[in-house]
Amino acid sequence: MMEVINEPNNLLIKKGKKHTKLIIISIVGVLIILGIVMGWMKYQQNKKEEYANILAETSVDMYYEFLMSSMVLASYSNVWEKAIDDGRDFNVALVSFRDDISNKGIIEETEKGQDKIRGNMKLLQNPPKEYMESYIVLKQMYGSYSKMVDQTFSPSGSLIDFNRKTNDLYSQFEQQQEELTITLPADIKKLKKKYEKEKKKEDSESKL
């Protein structure tokens, strides 16, 4: 008769422990992978939210800075025209006016605004897919804004050319502003309204 040999209990225990260890390692591995995936998704979400905030803030800053520059250019035009009407050297009148607004800090504030917007535009160079269309329009706005600011720093050409260029830039910017409003996703529109309220509050406080 064949003798049946039973497997020792300690061998069964070792196999059971090995099986349990493999299960634990598998679970830990899955948890690590899930942690990495969720961490990456959180990182991407944070980047997206940061981008949305910068885009919204920059669009508001650019609009207000553009309006400020257009008001300065309107004053340049008035000084220029009055000097011509009075038979005075308009170059001297323009330099005098620029020195005046420079002493009031207007030129310095315009430069600070320009530096901030330029820096933000660099940060916005790689937009998420859903913000690409808005970024393209904002980039076009930045081109019009930059040309307007350049006029603020150094008006050039004849009075007719100066006024024509200013009016053309104003029309371009207003059209681009409208296009931006159409292309902005809902989340950025909400952020934009928040920054607009903050900007208006800053302006009202500065006038007190």
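Buried residues have under 20% relative accessible area, exposed ones over 50%, and partly exposed ones fall in between (1.4 Å probe, protein chains only). By this scale Tyr170 is partly exposed, at 34%, whereas Phe66 is buried, with a relative accessibility of 0%. The model is predicted, so local features need pLDDT of at least 70 and side-chain atom pairs count only at pLDDT 80 or more, while totals for chains, interfaces and linings use all residues. Residues are numbered from 1 along each chain as its sequence is written, and side-chain values use heavy atoms, leaving out hydrogens and water.

The structure holds ten aromatic pairs (rings of Phe, Tyr and Trp, the last by its six-membered ring, with centres within 6.5 Å; planes under 30 degrees apart are stacked, over 60 edge-to-face, the rest tilted). Among them, Phe66 and Tyr170 form a tilted pair, because their planes stand at 40°, with ring centres 5.9 Å apart. Phe66 belongs to helix H1 (residues 9-85) and Tyr170 to helix H5, so this pair ties together parts 104 residues apart in sequence. Helices here are DSSP runs (H or I, at least four residues), numbered from the N terminus. Ring pairs also join Phe66 and Tyr170 with Tyr63, Tyr64 and Phe173 in a cluster.

Helix H5 spans residues 159-183 and includes Thr183. Thr183 is buried, at 17% relative accessible area, and touches Glu133, Ser134 and Val137, not counting residues up to four places away in sequence (contact means heavy atoms within 4.5 Å).

Technical notes:
Helices (H or I, at least four residues) and strands (E, at least two) are DSSP runs, numbered from the N terminus.
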